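Student: I've got a model open and want to learn how to read it. Please take me through some features, one at a time.

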Amino acid sequence: MIASRPGLVRQIVAVIHKDLLVEWRGQARLLAMGTYAVTLLLLFSFAVGPDTKTLQQHAAGYVWLALLSASTMTLTQSFRVETEAGALEALLMLPVDHRAIYFGKALANTALLVVLAFLVMPVAAILFDLSAAEGLYWLLPPIVLGAAGLAGPGTLYAALTARVAAQQLMLPLLLFPLIVPALVAAVKSTSLVLQGDPMGQMSSWLIVLASFDLIFWSLSGLLFAKVVEE
Amino acid sequence: MTGMIQGGWEYVWVVYGATWFTLAAYTVSLFVRERSNP
Amino acid sequence: MKWENWVGLLGLALISVGHYQGLFVAPPEAMMGDVGRILYAHVPTAWVALVVYLVAFVAAVGSLGSGKRGWDALVESAVEVGVVLNLLLLFQGAVWAKPTWGVFWTWDPRLTTTAIMAVSFIGVLVLRAMLNRPAQRAVASAVYTIFAFVSVPVVYFSVKWWKTLHQPFSSPETVDSPMVTPLRVAAFGMLFLATFLIARRWRLAYAKLSREDEAPDLPPAAAAIRLEGGGA
C-alpha cells in the first residue's frame, strides 16, 4: 500500500464527484430522463383509463415502473462515457481501489435516481391526485433505499454489459428479473406512505428493501474488480 | 374424504407426456449437436 | 461407453419405475385424486432443477476463482440444462394448477419465483451468445450466474410476503408414505438423467471453448472456418 494514497472513502467521493460533474455538464440528459419518466406516467394513465380511484391506488407502482425504465438510461450511460474514450482503462491504471470506482459510481447513480424520483413524484401527485397519508418525509426512506436497490446491481450490470453491442437491450433483460424484490418492497412502502399504514407494515418492507440493498451492494462490490479487470 | 377432485387424467397425461418429450428432445438435440461439432 | 451414458441409462430406468408406480400403483391423492399423480413428475423436476442451478453456481464460483475453461464449460452446460428443466417445470406447474386451483397461473411464491428464475438464467445464455471474447464471456456469465442464483431465495421470500395465495398443498414433508417411494425413485432418476445431460453438454462446450482458444483473436464463426481450412 502506497502511503500517500488517499483512503477508500476519499477515493469514493472523488469518483462520485467526477460522475455527478459529468452528469451535471450534460443537464439536457437529466431533463430528458425526467421528461421520459413523466411521459411514461401519462401513458400509464391512458393505458389504465381515466378512473381516478384506480390510478390513485396504483400510483406507487406507476412511479416506480417509470423510474425503473428511466434508470436503465442512467445506468447504460454511466459506463458508456468511460468505454467510449477508453477512459475506463485509464481509470483502472490509476492507483484507485476498484471498489472505490464501483461504490462511487453506484452512489452517483443512486443520487441521480433520487433526484429523478423527486422530479417525478410531484408530477405523479398532480396527475393521480395523491396526498401523503403518513407525512411527506416518510417518502424519503423508500425512495432512497429503492433507488439504491436499482443502482447497486444496476451499476455492476452496466459494467458487465458495457462492451455488448446491444447493451440497451441486455441491461434491462438481465437487471429486471433480479430487482423484482426491490421493486415489490419499494412500491409497497411508497404505497403505504401514500395510502396510510393501519397495520404498521412500513418497517418490515423497509427492512426487506434494506436487506436487498445490503446483499447486492456487497456482492457487487466483491465482484466488480473481476468484471472490470477483464 | 369429500371434495376429492374426480377424473382429470387428461392433465396427468399432458404433464407426463411433456416431461418425457422434453427430456427426449433435449437428449436428441445434444446428439445432433455433437454430430455437427465432432 | 462413457461413464455418463451408464448414469443416463440408470436415470432412465429409475424414472420409468418411479413414474409407473406413481401413475398405476400409488393410491390417488386425498384431495386432488388422480390429478395428484402429477406430483411424481413435477416435484422431482423442481428438486433437480434447483440442484442443477446449484451446480451452475458452484461452477461460476470456480470459474471466477480459477479462470479455467473447464469451469466455464460447466457454467454453460449446467445453466442450459437448468433452463430446460426450469421451463418444463413451469409448464408442469401451469397444467397442474388448472384442475386444482382453477387457473393456469396464480401469484403463488413458488410459481412466481420459478418464472423469474427462468428469465434470469435465460439471460445467462443470451449474454453468453452476445460476448465473443472468451475470457470476458467467462467472467460475465459467472458473475451473472452468481447473482441469479443468490436472488432465488430473495425473490421467493419477497413474493411470499407480497402475496400468499397458497392453498394447503402437498409439500414434500406432508406426502403420505405410499407416495414417498415412487417420488424418491423418480427424483433420483431425474438427478442421474440431469447428470448425464450436463456431462454430455459439458463435452460439447469444452470442445468449443478449446477450439476458440486455438484461434483467439477471431470471432467464433471465423475461427471455425480457419480450423476447417487447416484440417484440424
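Student: How far does helix H3 of chain C reach from its first C-alpha to its last?

Tutor: Helices here are DSSP runs of H or I with at least four residues, strands are runs of E with at least two, and both are numbered from the N terminus. The expected span of a helix is 1.5 Å times one less than its number of residues. H3 of chain C covers residues 69-101, which is 33 residues, and reaches 46 Å, close to the 48 Å expected. Just after H3(C), Gly102(C) takes a positive phi of about 90°.

A word on the labels: residues are numbered from 1 along each chain as its sequence is written, while chains are lettered from A and ligands numbered from 1 in the order in which they are written. This is a predicted model, where local features need pLDDT of at least 70, side-chain atom pairs count only at pLDDT 80 or more, and totals for chains, interfaces and linings use all residues.

Student: Where does H6(A) bend?

Tutor: A bend is the angle between axes fitted to the seven residues ending at a residue and the seven starting there. H6(A) bends by about 30° at Gly154(A). Its end C-alpha atoms are 30 Å apart, which agrees with the 30 Å that its 21 residues should span.

Student: How many residues of H6(A) are buried?

Tutor: We count other C-beta atoms, placed from the backbone, within 10 Å of a residue's own: 20 or more is buried, 12 or fewer is exposed, and in between is partly exposed. In H6(A), 18 of the 21 residues are buried, so the helix is largely enclosed by the rest of the structure. Compare Ala210(A), which sits in helix H9 (residues 202-229) of chain A. Ala210(A) counts as partly exposed because it has 15 C-beta neighbours inside 10 Å.

Student: And what about the phi of Asp129(A)?

Tutor: Most residues other than glycine have a negative phi. Asp129(A) isn't a glycine, yet its phi is positive, about 55°. You'll find Asp129(A) in the loop between helix H5 (98-127) and helix H6 (140-160) of chain A. Asp129(A) is exposed, because there are 12 other C-beta atoms within 10 Å.

Student: Which residues have the most contacts inside the largest nonpolar core?

Tutor: A nonpolar core is a set of buried Ala, Val, Leu, Ile, Met, Phe, Trp, Tyr and Cys residues joined through C-beta atoms within 7 Å. The largest has 147 residues, and those with the most contacts inside it include Val63(A), Val120(A) and Val52(C). Helix H2 (residues 39-66) of chain C gives the most to this core, with 15 residues. Two residues are in contact if their C-beta atoms, placed from the backbone, lie within 7 Å. Beyond its neighbours within four places in sequence, Val120(A) is in contact with several residues, among them Gly34(A), Leu41(A) and Leu67(A).

Student: Which chains share the most contacts?

Tutor: Chains B and C do, out of two pairs in contact. Chain B brings 23 residues and chain C brings 28. Chain A and chain B don't touch, with their nearest C-alpha atoms 25 Å apart.

Student: How many residues of chain C are in contact with chain A?

Tutor: 24 residues of chain C are in contact with 22 of chain A. H5(C) gives the most to that side of chain C, with 15 residues.
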